[in-house]
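Work through these exercises with the model open beside you. Try each task before you read its solution.

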Amino acid sequence: MKWWFRLVVFLLYVQGIYAQNTFQEGFTLLETGKFEAAETFFENALKEEPTSKTAQICYGRAVGLSGEPEKATILFAGLLETYPKDMEVALNYSESLLWDKKYADAKPLYAQMVTDHPNEFGAVLGYANTLSNLKEYEEALNWIAKALQIQPNNQSAKISRKYMHLGYANQFVNQQDYSRGKALLQDIFIDFPEDKEALRNLANLYLIAKQTDSAKATYARYATSPIDSVTAWNGISLAEHIAANEKAALTAAMTAKSTIGRFADHELTERTFNRYVQALIWNRKFRTAKTQIDSLETEYADRDWIFALKATLGLYTGDAKTSLANYNAILAQDSTSFDGNLGKANALFAADRIIPAYRAAYKTLAIYADQKDAKAFIEKLDLSYTPSVNEHAAYTFDNGNNVAFYTNTAADLALSTKFRTTVSYMYRTTENTVTGNQASSHVALAGLQYKLMPKTTLKTVVGVNNSRFMSEAYTQPVLDAQLQLQPLKMQHLNLGYQREVQNFNADLIEREIVQNHYSLNYNLGTNFNLGWYTQVMHTQQSDANTRNLLFTSLYYTLSQKPAVKMGLNYQYITFAEQLPTIYFSPEQYQAVELFADVRGQFSEKTGYMASTAAGYQQVENDSNTPIFRAEAKLNHQFAKRLSGSMYGKYSNIASDTAAGFEFTEVGLQLKWLFRDKPLFVVDRD
């Protein structure tokens, strides 16, 4: 080896040592994430050594990582012109595209590099990260495995694999493939046992899948420190809410709230108070929730979660207008907010503005593709407007020796969100087993329903009733018209007129008694679980008799899930003429009863209802006699478009029928949605 060649090698070696010592401070700044300081350092270094490739690369990295990726790309592009085949420069140029989120531009560059240099760790890792950012997770995981074959213990590659698993799992969760999402999350624990991010994502998966016990167990694993326990209690509170254990949800939220004051974590503090107020709302402690929101608003004004709490309170208290205003406030600050967009859809639905609700939900899906809650909301709207056929069959018998069979087939067609039609055919046959009298009725009806404006609907039904008694027959028109209003929040008012023919038993059918009912129904709800329902009806009959009826019910909701109500009913009836041998028609009738009603779910697809009432009735000036009513129903969702129920009911209250008989009824009901979508299509814009 010639002396001059040895001298060159020696000088290069000395220069490398000198450069490393000279730039060590800058390297440390880069490694510790102090990118702005590193930028200043290498900018000054380049004034001393403007041709140093190392300084230029480090300066480009500092510029890009401190928030100017486009500038870094330009710098590295210039270096590539000077060093066209330098792998280090090429890698940094490609990485700068990743900093600028130009993943599609970076992909072919990395693909070429790994083709040319399949064992170059930086190229393989960069290609894997590029694919991951493009959400091509399966291929990304293949390449990260190759990177780890080259450097088996490289921590950067393991961290990249972790985030690939997180992203890929989230993709499966959005597709409701929870088992594959769970498997990917659990794989993270191989490299990072009990990793906090993996545990949080795993708990969230269980919440979305409504596997609340597993969610709570995962949060218990997460709670390895006092501050992590706060996060865990917040999560457990939500799990209890999903499981309909509202009291337990509030207890968990209060535990988190009582602990958070020990820590100076502002973000966690906000999440904790947010969950606490949510739990108050879930438990219908609306006054306390309102006070807490007002207090928090003084410190956290104009924060999205404050607007969201006010909006949620509005939905729970029937104030859709306030709720909508707050969701709009969220969207004014962030038009892509998930809570803002889907919350707005729910508020519009509560305000009975169906087309805008559809559009808000579609917008949510446009931003968050395949999002489960948005898809479920749209499906709920679709189901309420999907054409259906309803079948109802019942068998009735009473203590007057009357038996009857009833069947009714009805079709419902929504032509738009404002206009729908119904057609139905009812057949009823009845017989008195003592006298042998037999009769039947055929009733054909067609109905129109039109929404005049939100929360104001006009319903009309017209048709004919053809009744036959032994060898005689007659046909009468029937009519039902109702104006349904919601004049104020939590109030419902129905004004109605109905023309019907009495067909409860053969004797009544024979007499061709036509009734004209004029009614007013009013229901008042409150935010403190008390409700009041009243019905007033005036009836004019074709036999010149008239009837006046008053029914009023004061009730209290004891729980929401299951829905349990108890209350007091009072009924008053008077007839102008008394015709006791023909039908129940006292000059004065009164009844008072206590009732209880429970409705809930045995499972996701099977529900139930049961109600009972007992009290006393008085006819004219006779002595009080006990009354009793009971009804039970079991319903089941056989498929998304097919549901059915079976029921039974008994009553001995005199006013339940025109004849005043004690009766029992058992029946079956089926509902089939014969299309999978509504007849109309909602414009998404």
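The exercises below cover confidence, salt bridges, nonpolar cores and a surface patch in this predicted model.

**Exercise 1. Confidence**

Task: Find the average pLDDT of the protein, then locate the stretches where pLDDT is under 50.

Solution. 
- Step 1. The average pLDDT is 90, and 95% of the residues score at least 70.
- Step 2. Residues 1-19 stay under 50. In the model this stretch has two contacts beyond four places in sequence.
- Step 3. Residues 656-660 are also below 50. Here the model shows 16 contacts beyond near neighbours in sequence.

**Exercise 2. Two more bridges**

Task: The structure has 21 salt bridges. Take Lys-162 with Glu-197, then Asp-213 with Lys-216, and describe where each pair lies.

Solution. 
- Step 1. In the Lys-162 and Glu-197 bridge, the closest N and O atoms are 2.7 Å apart.
- Step 2. Lys-162 belongs to helix H9 (residues 155-174) and Glu-197 to helix H11 (residues 196-208), so this pair ties together parts 35 residues apart in sequence.
- Step 3. Is Lys-162 buried or exposed? Its relative accessible area is 9%, under the 20% cut-off, so Lys-162 is buried. Glu-197 is partly exposed at 24%.
- Step 4. Look for further partners. Lys-162, Asp-195 and Glu-197 are linked in a network of salt bridges.
- Step 5. Turn to Asp-213 and Lys-216. Their closest N and O atoms are 3.8 Å apart. Both residues lie in helix H12 (residues 212-222), three residues apart, about one turn of the helix.
- Step 6. Asp-213 is exposed at 57% relative accessibility, whereas Lys-216 is partly exposed at 22%.

**Exercise 3. Nonpolar cores**

Task: Find the residues with the most contacts inside the largest nonpolar core.

Solution. 
- Step 1. The largest core has 51 residues. Those with the most contacts inside it are Tyr-110, Met-113, Trp-143, Ile-144 and Leu-185.
- Step 2. Follow Tyr-110. Beyond four places in sequence, its contacts include Leu-91, Leu-98, Ala-123, Tyr-127 and Thr-130.
- Step 3. A second, separate core has 24 residues, among them Ala-308, Ala-311, Ala-360 and Tyr-385.

**Exercise 4. A surface patch**

Task: Which element gives the most to the nonpolar patch?

Solution. 
- Step 1. List the members: Phe-528, Leu-530, Trp-532, Leu-554, Tyr-556, Leu-558 and Met-566. Together they have about 690 Å² of accessible area.
- Step 2. Strand E9 (530-541) and strand E10 (546-559) each give two or more residues. E10 gives the most, with three.
- Step 3. Tyr-556 lies in strand E10. At 38% relative accessible area, Tyr-556 is partly exposed.

Methods:
Residues are numbered from 1 along each chain as its sequence is written. This is a predicted model: local features need pLDDT of at least 70, side-chain atom pairs count only at pLDDT 80 or more; totals for chains, interfaces and linings use all residues. Side-chain values use heavy atoms; hydrogens and water are left out. Patches are made of residues with over 30% relative accessible area and no salt bridge: like charges are joined within 9 Å, nonpolar side chains (Val, Leu, Ile, Met, Phe, Trp, Tyr) within 5 Å. Accessible areas come from the Shrake-Rupley method with a 1.4 Å probe; for residues, only the protein chains shown count as cover. A salt bridge is a side-chain nitrogen of Lys or Arg within 4 Å of a carboxyl oxygen of Asp or Glu. Helices (H or I, at least four residues) and strands (E, at least two) are DSSP runs, numbered from the N terminus. Buried means under 20% relative accessible area, exposed over 50%, partly exposed in between (1.4 Å probe, protein chains only). A nonpolar core is a set of buried Ala, Val, Leu, Ile, Met, Phe, Trp, Tyr and Cys residues joined through side-chain atoms within 4.5 Å. Contact means heavy atoms within 4.5 Å. pLDDT is the predictor's confidence in each residue, from 0 to 100.
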